[in-house]
Amino acid sequence: MKRNLAILGSTGSIGTQALEVVSEHPDLFEVYALTANNQVDLLINQARKYMPEVVVIANEQKYPELKEALEDLPIKVWAGSDAIAQVVQSEPIDMVLTAMVGYAGLKPTIAAIKAGKAIALANKETLVVAGELITALAVEHKVPILPVDSEHSAIFQCLAGEWENPVEKILLTASGGPFRTKTMEELAVVTKAQALKHPNWSMGAKITIDSASMMNKGFEMIEAKWLFGVTPEQIQVVVHPQSVIHSMVQFEDGAVIAQLGIPDMKLPISYAFSYPKRLHSKASRLDFTQYATLTFEEPDMERFRNLAFAFDAVRKGGNMPCILNAANEVVVAAFLRDEIGFLQMSDVIEKTMAKATFIPTPTYEDYVATDAEARRMAIENGKLKINNGQLTR
């Protein structure tokens, strides 16, 4: 029987690659729902190719265009963030791939978990913002959360068959991004174009900037804490520029198990879709003769302060990681508009974390209020432009 999928963020990097996996295995997967934020033209093309039951565009201004383009097909067309949270609850859906960018992924992920849907998690911000809430809901509703991030998929694969053995340490690998060897003086003048040129991975703009600042690795550390039930002290970030080892697990007997492969997101996507089975892939294989040396370094948390902020936030707990994420989303959007410098992003995040209201045991409503407050503070701290109360894009 085919597995019915809802792909949230189908027009992004993860979403488009997930649809490639579906195309490679049409006997195993069927697309029930597709959602996108703004890219209506691509969403139209995807809808025509995969013929889902429902498509949703988050930007309601794009709804008339989408509706008109698909009116000759028996596809339901919805719009708005509430519609995305509604569609994931549809009875035929077996698994929801959350590949939306940022805080926007939280609400539909909660809705999907409460509806008992398996989660293929590519939206790390969901666990960054509300890890305690999400993991508790998953246990309550007996819902599996299968990681799609390459690093967390690697850790998950290393743990397969080892669930009863205590983990001593998780070794979370990082490429170091495009600015790994740059000095503080050089970082002060780097451009958006430079930051968007990741040496190994092809990703969306937001995650690529997060990789350049190492905030992405900080978020992945927080995500790993919740996914694998470890403390921040049990997670060691290791810079591995070749991006061949995607992460490792060290057990209490000293053994280290690593997962290796080429930088290709379709592997972790297909593994999440098909777990515990592995699907045949046409992707290139790792050729060890092309890698005479694999190197490892300590991350520099003085040059890349965002990684240090992430450790600070998760150790303090409560709503502090939510504050961290909200401030980061604001400054990354501003950096992509050439409105703020690369190092100034960290300055704004630090000020926002220091000033925002701390809540030790937040509810969902507290997370919503925290996100709004932290965004306002980040805008004020960075003296950033707004448009009708929203960040310009």
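**Legends to close-up views of the predicted model**

View 1. L5 stands opposite M95 in strand 5. The structure shown here and in the following views is a predicted model. Strand 1, which comprises residues 3–8, pairs with strand 5, residues 95–98. Four bridges join strand 1 and strand 5, and their pairing is in the parallel sense.

View 2. Q17 has its place in helix 1, which spans residues 13–24. The relative accessibility of Q17 is 15%, and the residue therefore counts as buried, the cut-off for this class being under 20%. Leaving aside residues up to four places away in sequence, Q17 touches D264, M265, K266 and I269. N38 is 21 residues apart from Q17 along the chain, and the C-alpha atoms of the two are separated by 18 Å.

**View 3. The cis peptide bond at P276.** The bond from Y275 to P276 is cis, with omega near 10°. P276 is found in the loop between helix 12 (266–274) and helix 13 (305–316).

**View 4. Positive phi at S243.** S243 is not a glycine, yet its phi is positive, at about 55°. The residue lies in the loop that runs between strand 9 (235–239) and strand 10 (245–251). With a relative accessible area of 5%, S243 is buried.

**View 5. Positive phi at D338.** D338, likewise a residue other than glycine, has a positive phi, near 60°. Its position is in the loop between helix 14 (320–336) and helix 15 (342–355). D338 has a relative accessible area of 56% and is therefore exposed, a class that requires over 50%. S243, by comparison, is buried.

Terms used:
Residues are numbered from 1 along each chain as its sequence is written. This is a predicted model: local features need pLDDT of at least 70, side-chain atom pairs count only at pLDDT 80 or more; totals for chains, interfaces and linings use all residues. Side-chain values use heavy atoms; hydrogens and water are left out. Two strands pair if DSSP finds at least two bridges between them. Helices (H or I, at least four residues) and strands (E, at least two) are DSSP runs, numbered from the N terminus. Buried means under 20% relative accessible area, exposed over 50%, partly exposed in between (1.4 Å probe, protein chains only). Contact means heavy atoms within 4.5 Å.
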